[in-house]
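Biologist: I have not looked at this one before. Could you walk me through it, starting with the overall picture and then going into the details?

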Amino acid sequence: MRTIETETRYEYRKLFDVTVDREKLYSETVGKDDSGNLIFHKSSTYNMGNAYSTSDEFFFIDPDEYREYLDEAKENRLVSPWKYRKLLKEAGAPEKSPGRIRSFETVTLHISGMRHTGETEITMKGPEAEVAEYHIQYSGHEDRRVLDRSALCPESDILKLLNDCRLLSWDGFRGSHPKGVRDGIMFTLKASVNGGKSIYASGSENFPKHFREFRQGLHDILSSGGQD
């Protein structure tokens with residue numbers, strides 16, 4: 001997924017809706033532009049008191065990402081089985097999704113902002129997985145990780161979180177900082193999964209799909225079983 005830098009609406013032909021939430025005035029749409037590029041469009045409308053303001057974001061996506069969004073649209077019942085098969089052929093999407101994470105060695109999420117820098121790391125500890133949260137302490141010539149809390153949980157819980165958030169599709173994501181946004185957080189994700197496959201993603205106030213769900217999932221594990 002790559003951000004399209006545009007100050008106006010990016011023109012494309014809609015292929016299907018991924019998510020439509022009329023109550024929250026939020027939608028996600030996939031389409032194709034005149035050059036044949038696959039487009040992902042996020043639109044949010046905010047109540048500003050006496051008026052409404054709409055925020056639109058546009059991204060170029062690849063066939064694997066297209067397939068994932070199409071699968072999600074089917075799950076959300078926004079695409080019929082007949083239309084699903086037709087859309088697969090139209091965009092040249094792969095017949096199979098990128099696959100699932102079956103095992104992992106380490107997953108490290110580094111987050112930095114104006115007031116705090118920290119890391120959350122997942123590793124295997126015998127039959128269980130450990131989720132550990134650190135803050136980065138700057139001292140002299142060396143940065144040091146200081147453990148804040150940790151929790152053990154079944155490996156299956158972590159695998160479900162990684163696959164629900166489609167971590168394999170994050171590989172190669174580079175989220176450039178949005179225009180007009182002055183601050184925010186930066187992230188880097190590094191992971192070794194499936195016996196040595198590497199995943200790397202990074203961004204600045206620009207995140208892959210399901211990023212917030214991933215952070216919330218880690219937070220929930222630490223909150224339910226962590227110890228200060």
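**A walk through the model**

Modeller: Before anything else, please keep in mind that this is a predicted model.

Biologist: Fine. How many helices and strands does the protein have?

Modeller: The protein has 4 helices and 12 strands, and its C-alpha atoms fill a box of roughly 50 × 45 × 35 Å when this is taken along the principal axes.

Biologist: And what share of the residues counts as buried?

Modeller: Of the 228 residues in the protein, 42% count as buried. As for contacts between residues at least 6 apart in sequence, 55% of them join residues at least 24 apart.

Biologist: Let's talk about the sheet. In what order do the 7 strands come?

Modeller: The 7 strands make an open sheet with mixed pairing, and their order is E9-E8-E7-E6-E11-E12-E10. At the edges are strand E9, residues 142–154, and strand E10, residues 174–175, each of which pairs on one side only.

Biologist: How many bridges join E10 to E12?

Modeller: E10 is joined to strand E12, which covers residues 197–204, by 2 bridges, and the two strands run parallel. Within that pairing, Arg 174 stands opposite Ser 202 of E12.

Biologist: Which helix packs on the sheet, and which strands does it touch?

Modeller: Helix H3, residues 155–164, packs on the sheet and touches strand E6 (104–112), strand E7 (117–125), strand E8 (128–139) and E9, with its direction making about 110° with that of E9. Helix H4, residues 211–225, also lies across E6, E7, E8 and E9, as well as across strand E11 (186–193), and H4 runs at about 75° to E9.

Biologist: At what angle do H3 and H4 pack?

Modeller: H3 and H4 pack at an angle of about 165°, and their axes are 9 Å apart. Because of that angle, H3 is roughly antiparallel to H4, and the crossing of the two helices is right-handed.

Biologist: Which residues make that contact?

Modeller: On the H3 side they are Ile 158, Leu 161 and Leu 162, while H4 brings Glu 213, Phe 214, Gly 217, Leu 218 and Ile 221. Sorted by kind, the residues of the contact of H3 with H4 are 6 nonpolar, 1 polar and 1 charged.

Biologist: Staying with H4 for a moment, is Phe 211 buried or exposed?

Modeller: Phe 211, which is found in helix H4, counts as buried because its relative accessibility is 2%, and the cut-off for buried is under 20%. Leaving aside residues up to four places away in sequence, Phe 211 touches Leu 109, Ile 111, Trp 170 and Phe 187. Phe 211 and Cys 165 are 46 residues apart in sequence, yet their C-alpha atoms are 7.2 Å apart in space.

Biologist: What about the residue in the loop between E12 and H4, His 210?

Modeller: His 210 is found in that loop between E12 and H4, and its phi is near 75°, a positive value in a residue other than glycine. His 210 is also buried, with a relative accessible area of 14%.

Biologist: Last one: how do E2 and E3 pair?

Modeller: Strand E2, residues 13–21, pairs with E3 in the antiparallel sense over 7 bridges, and Phe 16 has Val 30 in E3 as its bridge partner. The two strands form a hairpin with 4 residues between them, where Leu 25 in the turn has a positive phi of about 55°. Strand E3, residues 26–32, is mostly covered, with 5 of its 7 residues buried.

Methods:
Residues numbered from 1 in each chain as written. Predicted model: local features only at pLDDT ≥ 70, side-chain atom pairs only at ≥ 80, totals over all residues. Heavy atoms only, no water. Pairing = 2+ DSSP bridges. Contact = heavy atoms within 4.5 Å. Axes fitted to C-alpha atoms, helices over the stretch in contact; angles between N-to-C directions. Buried < 20%, exposed > 50% of the residue type's maximum accessible area, 1.4 Å probe, protein only. Parallel < 35°, antiparallel > 145°, perpendicular 65-115°, else oblique. Left-handed = near helix turned anticlockwise from the far one by under 90°. Nonpolar A, V, L, I, M, F, W, Y, C, P; charged D, E, K, R; others polar.
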